[in-house]
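Let's walk through this structure together, moving from the ligands to a pair of packed helices. Keep the 3D view open as you read.

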Amino acid sequence: MSPGLAWLRAIALTTLLTASVSYARDEILFTSSVTYCDPPETLLVQQFDMVYFNKNESVFFNISASSVEENVNVTANLLLNVYGLTPVNVTIDLCDILGGALCPLPQYNFVGSDTLSLPSSLNVADKIPGIAFKVPDLEGYAQLSLLEVGTGDLKACVQATLSNGWSTHQPAVTWSTAGVAIAALISAVWQSLSPTALAPCRFLDLLYLYQTIASSALLDLNYPSVYRAFALNFAWAIGLVPSSSEQNTIDHMRYITGGRMANSTSGSAIAFVNRKLSPYNDQSLISTNTASSGFSPLNLGRRSSSGIFEQIKILSTEGVATVTSSSSNVLDAGVPIYTNSIHIATANAFMTVFFAALILTAIALAVFGLGYVGLLAMHRFRLGRAERRVELKALYSSLVRVWSLRLGLLFLYPIVVFAFYQWTLKDSWLSILLSVIAFLAVACGTGYSAFIVMRTAHQSKAYALYSRPAIISSHGPLYAQYRTARYFFFLISLACVYLKAIFIVFAKASGLAQIILFLTVEVGVMTSVFVLRPHRTRGADVLASYLAIVRLVCTGLMIAFVERLAVDAIPRVAIGIVMAVIYSVAVIVVVINFVLHCGIQQLWTKQDTSQHEGSANDAMVEKDDRGSSFPDLLRPKNATPEQNIPLDPEINEPHTPLTPPSAEGEQNVNKRDSASTNFGNLLPRRWSFTPLSSPADSHLSHPSLSSPYHTQDATRHQHT
Ligand SMILES: *[C@@H]1O[C@H](CO)[C@@H](O)[C@H](O)[C@H]1NC(C)=O
Ligand SMILES: *[C@@H]1O[C@H](CO)[C@@H](O)[C@H](O)[C@H]1NC(C)=O
Ligand SMILES: *[C@@H]1O[C@H](CO)[C@@H](O)[C@H](O)[C@H]1NC(C)=O
Ligand SMILES: *[C@@H]1O[C@H](CO)[C@@H](O)[C@H](O)[C@H]1NC(C)=O
Ligand SMILES: *[C@@H]1O[C@H](CO)[C@@H](O)[C@H](O)[C@H]1NC(C)=O
């Protein structure tokens with residue numbers, strides 16, 4: 001293994017693994033959100049921050065609360081729910097404790113913060129299992145409810161979710177996945193000087209994997225918090241890049257165009273998660289007291305003494321929200337919880353994706369523009385030989401077209417999903433208009449390419465797709481990685497995008513239906529990869545099969561998250577962690593595969609390419625190892641441009657070379673080899689101006705290439 005490869009591999013592993021296992025930290029538990037679980041009457045809470053330090057068994061609190069009702073005797077119930085279990089459920093009649101000092105409840109305004117050492121007699125540290133301080137995305141909450149003695153009316157109910165500070169949603173993971181993607185992009189752009197380079201395909205594979213992980217958390221399922229948090233690391237890959245100023249702009253834009261849905265908040269979304277879901281796991285939802293649900297500041301004010309009004313004002317601006325099963329601010333499973341967890345309002349999701357797409361498009365246009373200016377400058381100042389300038393120009397326009405298509409393919413999934421989603425919301429008309437425009441742009445852009453490819457394949461034979469520069473240099477990203485007989489495989493991927501988007505959005509009422517439909521799609525994709533084996537090399541097919549299996553397995557595991565099955569929280573968390581691990585390993589595999597095949601090792605082993613030919617095999621146009629007679633694009637031998645049209649199409653049908661060639665057939669094969677190398681005669685010269693050697697060099701420079709390649713292939717693929 002070359003040093004560069006080892007280095008890159010080490011980076012890929014360490015960033016992904018160590019990023020999630022961050023530095024040692026104090027063992028703490030703290031309240032991560034506070035909400036009323038019943039409209040407040042007796043107890044008003046403005047702030048409720050508590051931190052428990054396990055090290056010195058002390059509690060820090062910063063609380064601002066007041067009890068405001070006169071002459072009410074209550075019992076207090078403290079409930080602790082951890083992973084759906086209730087280790088603590090104690091009810092105390094406040095008249096029985098402290099000599100009746102809390103009986104009736106004093107009207108009292110408490111504002112203060114302090115650190116208290118808990119008495120060692122309580123032995124708290126031994127009562128809390130150590131795992132509570134370590135498990136990421138702890139699912140638990142504490143609930144204090146006050147019930148009136150006698151009537152049993154619910155007078156107050158406050159819930160606080162607990163956290164230990166650990167989460168699988170780590171900025172470091174987000175940044176390293178994005179960093180890997182950017183490195184892959186740069187490498188892919190570099191390699192894409194050849195229209196059939198493999199690195200750009202691998203780059204798209206990587207991004208599709210990211211998108212798969214991100215979108216796996218968009219279904220109407222009761223995901224464990226740990227998996228939801230893990231999937232949030234990949235939200236950027238579906239264009240959900242949160243920025244508070246952008247969110248404010250979108251809020252404003254929606255507001256003035258008729259949007260009345262909730263704005264983005266900078267607060268934690270956990271507070272609003274539907275109580276039936278993680279991290280609350282509350283199957284037996286506390287029954288809302290209908291008598292008290294008519295809460296309004298006015299009727300509270302009438303009942304209470306003066307001075308309360310100011311407190312209510314503080315409350316409504318500070319906003320400890322009331323979240324009950326019947327309130328409208330509850331976030332439901334799927335897109336709402338996912339986007340709000342990163343401070344993107346549900347109704348802002350599409351616009352956020354849209355802006356991300358717009359910004360990337362602008363960057364791409366700027367880069368294209370710079371390239372064009374460079375070309376013009378070369379023309380103007382007559383740099384380089386004239387014929388090379390013409391070549392460069394052709395190469396440039398092909399690069400622009402190819403990367404525009406790739407950009408479209410990259411944004412197809414997020415834009416389709418969130419545009420569809422926007423259509424199901426009754427919100428700002430401008431959002432909907434823009435979503436229609438964006439949807440049409442990506443759908444038509446990619447659809448047009450797909451149409452051209454299919455038409456070409458229909459009118460001529462499929463190999464025409466691979467031999468006509470005009471087609472492959474514009475639409476290559478769709479099919480160039482597939483072997484000639486399987487050029488149509490891209491249709492399956494495109495169909496998946498639309499099907500999944502439809503399932504995510506229009507079946508969002510039923511998680512069970514979504515998961516069944518997703519499973520059907522994944523089984524279909526896996527079967528088609530297994531049966532069709534569409535890729536040029538066995539290695540690529542193995543990778544595609546592996547990814548298909550990963551998706552299928554993880555989709556299958558998500559059955560456990562179906563709400564109706566009511567799987568307990570702990571098994572769900574275990575499954576969520578398993579899924580996160582499976583996906584992380586898949587990401588590492590794809591990254592390693594990319595590093596192995598992007599040809600970086602060529603920089604170090606350039607001198608003895610002959611020895612490394614085997615390892616560079618996948619990097620560029622690969623000869624078909626299944627006997628399909630895909631013309632070797634990189635074979636410039638005897639290329640004669642006049643013979644660009646292959647003489648005998650039948651020869652190019654798959655598997656024909658396996659038939660024993662007659663003397664005439666042999667001749668035809670030779671003719672075909674030379675005749676269809678219109679790329680072959682362009683590419684070597686294209687490559688010749690690149691300062692660094694490309695992986696294709698090994699093919700080109702290797703003298704043994706003049707020997708029949710079938711035998712060479714056979715030996716080479718035994719190496720892979
Ligand atoms: C308590 O909270 C208030 C309001 O958020 C803040 O101003 C104050 O600094 C906090 N006190 C401590 C000790 O953190
Ligand atoms: C509350 O309890 C105290 C002591 O038991 C009693 O004197 C008082 O009348 C009770 N108030 C109400 C409203 O029940
Ligand atoms: C907690 O205990 C009360 C009775 O003390 C009971 O009514 C309630 O259902 C319990 N709650 C849970 C979640 O077990
Ligand atoms: C316990 O440790 C924490 C963090 O190290 C510290 O902030 C707190 O003041 C300590 N408590 C006491 C009572 O010393
Ligand atoms: C959303 O924000 C806008 C200002 O950007 C404001 O006018 C509007 O009232 C807010 N809508 C809601 C529902 O809070």
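**Ligands and a helix pair**

Strand β5 (residues 85-93) supplies the largest share of the shell around ligand 3, namely three residues; helices (H or I, at least four residues) and strands (E, at least two) are DSSP runs, numbered from the N terminus. This is a predicted model, in which local features need pLDDT of at least 70 and side-chain atom pairs count only at pLDDT 80 or more, while totals for chains, interfaces and linings use all residues. Residues are numbered from 1 along each chain as its sequence is written, chains are lettered from A and ligands numbered from 1 in the order in which they are written, and side-chain values use heavy atoms, with hydrogens and water left out.

Let's stay with ligand 3. Around it you will find Leu79, Thr86, Asn89 and Thr91, where a residue is near a molecule if one of its heavy atoms lies within 4 Å of it. Asn89 has an N or O atom in its side chain 2.3 Å from an oxygen atom of ligand 3. Taken alone, ligand 3 exposes 360 Å², and the protein buries 38% of that (accessible areas come from the Shrake-Rupley method with a 1.4 Å probe). Sorted by class, this shell holds one nonpolar, three polar and no charged residues; Ala, Val, Leu, Ile, Met, Phe, Trp, Tyr, Cys and Pro count as nonpolar, Asp, Glu, Lys and Arg as charged, and the others, Gly among them, as polar.

Now turn to ligand 1. Its surroundings are Gln47, Phe60, Asn62 and Ser113. One oxygen atom of ligand 1 is 3.0 Å from a side-chain N or O atom of Gln47, and an oxygen atom of ligand 1 is 2.3 Å from a side-chain N or O atom of Asn62. On its own ligand 1 exposes 360 Å², of which the protein buries 33%. The shell around ligand 1 divides into one nonpolar, three polar and no charged residues.

Which residues surround ligand 2? They are Asn71, Asn73 and Cys103. Ligand 2 has 370 Å² of accessible area on its own, and the protein covers 39% of it.

Finally, look at the helices. Helix α5 (residues 225-232) and helix α18 (residues 569-597) pack at an angle of about 25°, with their axes 7 Å apart; axes are lines fitted to C-alpha atoms, for helices over the stretch in contact, and angles run from 0 to 180 degrees between N-to-C directions. The two helices, α5 and α18, are therefore roughly parallel to each other (a term for angles under 35 degrees). From α5, the contact (heavy atoms within 4.5 Å) uses Val226, Tyr227 and Phe230, while α18 contributes Val573, Gly576, Ile577, Met579, Ala580, Tyr583 and Ser584. By class, the contact of α5 with α18 has eight nonpolar, two polar and no charged residues.

How values were computed:
A polar contact is a pair of N or O atoms within 3.5 Å; within protein, one must be able to donate a hydrogen and the other to accept it, and residues adjacent in sequence count only if both atoms are side-chain atoms. Angles under 35 degrees count as roughly parallel, over 145 as roughly antiparallel, 65 to 115 as roughly perpendicular and the rest as oblique.
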